[in-house]
Amino acid sequence: MSILTIFYIVTGIVLVWVSAEKLEKYSVLASNKYGISPFLIGSTIIAFGTSAPEILTSFFAALENKPLMVVGNVIGSNVANIALVFGLTLGVLFYKNKVFSSVKEISLNLIILIVSTLIVCLVLFFNPFSKLSSLLLISSLIVVILIWYKADTVSDFQVEELKEEHLILKLLMSIFFLVLAAWLITRGALDLLVSFGAGELFIGFTVLAIGTSIPEIAASLALALKGRNETVAGTLIGSNIFNGLLVLAIPGIMGTYTNFNYIKWVPLLGLLLFVTVIFCLYIFLRIKEPKRASISICILLFISYFISLSLAYT
């Protein structure tokens, strides 16, 4: 293990925590100043920004003619976002004795998340690397964005200070440093794992997926500890939708092709659907009845994640 590899990982971890706190601050200030709901901020600006590492790593994987790594990255990132990131968020909130609540407006987006996950499974069943599949995925993403735009309402959320200047620039800079941090961590992790000769699927599902989920972990924890539960949910929902409908389209757009054995992915896709449904049900139930964050759901999601690692390895 080289000194440069250690530098990548340590620098990435430091950057990710600093930029996550700034991202939370400026996103909420911007949503209030410009009359945008916190959920829309989470599901578009933050979600796209935190999905950028998946987009970049998948682009380079496709360039290297490793489309299976892209699929592993997408499925692994979406499982990690819910089972690892949301599970960790619930665990921290439980430890801090905080209540988890949700908003009524999120119901439509929970349905969109489930439908987009089913579309991903459908595309993988037929041919994930065709241009037709990429067209279906991109078209679905455009429809989702239009639905978000039509359904958005002006937020009445108030913050104490609105005197911050250059909010959009600072918000974009926060996202940039999150992306840079995720790239550094992923690069360092790849240097470590490749030396062990791990397979393409396992690298995509673990190293790329976990490394590129660092922004979601940092942003979600920072937001949750500030009581921004609706923005946490929006970030994870939006990120998973962008991962499935945009990142998965990259191999087809670039003309990358390889034989794809759908049967091999059925257990992982089944687990993705399982944690997605659990996530959506939990968020939905917290709309009418806010409660202390559930340690039981936290443990269930963690167990699911470790099972997914075992499935990816085999």
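How many residues does helix α12 have, and how far does α12 reach from its first C-alpha to its last?

1. Basis. This is a predicted model, where local features need pLDDT of at least 70, side-chain atom pairs count only at pLDDT 80 or more, and totals for chains, interfaces and linings use all residues. Residues are numbered from 1 along each chain as its sequence is written, and side-chain values use heavy atoms, with hydrogens and water left out.

2. Helix α12. Residues 295–313 form α12, which has 19 residues. From first C-alpha to last, α12 reaches 27 Å, close to the 27 Å expected at 1.5 Å a residue (1.5 Å times one less than the number of residues). Helices (H or I, at least four residues) and strands (E, at least two) are DSSP runs, numbered from the N terminus.

3. Faces of α12. I297, C298, L301, S304, Y305, S308 and A312 are buried (under 20% relative accessible area; exposed is over 50%, partly exposed in between; 1.4 Å probe, protein chains only). Seen down the axis, the buried residues of α12 fall within an arc of 125°, so they line one face. The arc is taken over directions from the helix axis to the C-beta atoms. The face turned away carries exposed S296, F306 and Y313.

4. N-terminal cap. S294 caps this end of α12. One of its side-chain oxygens lies 3.3 Å from the backbone nitrogen of S296.

5. Salt bridge. The structure holds 1 (a side-chain nitrogen of Lys or Arg within 4 Å of a carboxyl oxygen of Asp or Glu). E289 pairs with K291, with the closest N and O atoms 3.4 Å apart. E289 is partly exposed at 42% relative accessibility; K291 is partly exposed at 40%.

6. Whole chain. The protein chain has 12 helices and 2 strands. Of its 314 residues, 54% are buried.

Technical notes. Polar contact = N/O pair within 3.5 Å; in protein donor to acceptor, adjacent residues only side chain to side chain.
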